[in-house]
Amino acid sequence: MDPLFLVGSLVCLVSVVLCIGAAALKQGPNDLTILSAAAVELFLLVYGAASLIRLAGGEGIAGEAWEFWGYLLTALVIPVGALWWSLLDRSRWSNIVLSAVGITVFVMLFRMEQIWDGATLL
């Protein structure tokens, strides 16, 4: 298992817990919840850069490369959309949208890990 996957899973988990906790406390989006979603975006940028470095170092994607990069590009758009939403809608429900970032990106990260290693879906 890739250490970056573990770090990404932790970043996503922390983001989800913070955002759901703020929503449960009936708070609107605040610095903590917005920054947690931004941390997911920052992680994805680092993950993409690390993937390019791994490719340049001779390690290859065992699955379909277009699928891996498609997942990564799509995952990069999700936090941006949620952050935009949270800036436009200052209700507590924006924290639920922000929590969806962590959940969705985790699932996509898991799939990217499978594609990189060449694992097949069931």
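Tutor: In this predicted model, a nonpolar patch on the surface is formed by Leu 10, Leu 13, Val 14 and Val 17, which together have about 380 Å² of accessible area. One of these residues, Leu 10, is placed in helix H1, which covers residues 3-24. Leu 10 counts as exposed because its relative accessibility is 53%, and the cut-off for that class is over 50%.

Of the 122 residues, 39% are buried.

Pro 29 lies between H1 and helix H2 (31-56), and it is classed as buried because its relative accessible area is 6%, where the limit is under 20%. Leaving aside residues up to four places away in sequence, Pro 29 touches Ile 34, Ser 86, Asp 89, Arg 90, Ser 91, Ser 94, Asn 95 and Leu 98.

The charged pairs come next. Side chains of opposite charge can pair when their charged atoms come close. The whole structure contains 3 salt bridges. In one of them, Asp 2 pairs with Arg 54, with 2.8 Å between the closest N and O atoms. This pair links distant parts of the chain, since Asp 2 belongs to the segment before H1 and Arg 54 to helix H2, 52 residues apart. Asp 2 counts as buried because its relative accessibility is 13%.

Arg 54 also meets the side chain of Glu 59 in a salt bridge, at 2.8 Å from N to O. Glu 59, at 36% relative accessibility, is therefore counted as partly exposed.

Another salt bridge joins the side chains of Glu 67 and Arg 111, with an N to O distance of 3.3 Å. Glu 67 is in helix H3 (residues 65-88) and Arg 111 in helix H4, so this pair ties together parts 44 residues apart in sequence. Arg 111 is buried because its relative accessible area is 12%. As for shared partners, Asp 2, Arg 54 and Glu 59 are joined by their salt bridges into one network.

Helix H4 itself spans residues 93-117, 25 residues in total, and reaches 37 Å from its first C-alpha to its last. That reach is close to the 36 Å expected at 1.5 Å a residue. Just after H4, Gly 118 adopts a positive phi of about 85°.

These parts belong to a fold with 4 helices and 0 strands, whose elements run α-α-α-α from the N terminus on. The radius of gyration is 15 Å, close to the 14 Å that the globule rule gives for 122 residues, so the protein is as compact as a globular protein of that length. Along the principal axes, the C-alpha atoms fill a box of roughly 50 × 25 × 20 Å. Among contacts between residues at least 6 apart in sequence, 79% join residues at least 24 apart.

Terms used. Residues numbered from 1 in each chain as written. Predicted model: local features only at pLDDT ≥ 70, side-chain atom pairs only at ≥ 80, totals over all residues. Heavy atoms only, no water. Patch = residues over 30% accessible without salt bridge, like charges linked within 9 Å, V, L, I, M, F, W, Y side chains within 5 Å. Areas by Shrake-Rupley, 256 points an atom, 1.4 Å probe, with all protein chains shown as cover. Salt bridge = Lys/Arg side-chain N within 4 Å of Asp/Glu carboxyl O. Helix = DSSP H or I, 4+ residues; strand = E, 2+ residues; numbered from the N terminus. Buried < 20%, exposed > 50% of the residue type's maximum accessible area, 1.4 Å probe, protein only. Expected span 1.5 Å × (residues − 1). Contact = heavy atoms within 4.5 Å. Rg over C-alpha atoms; globule rule 2.2 N^0.38 Å.
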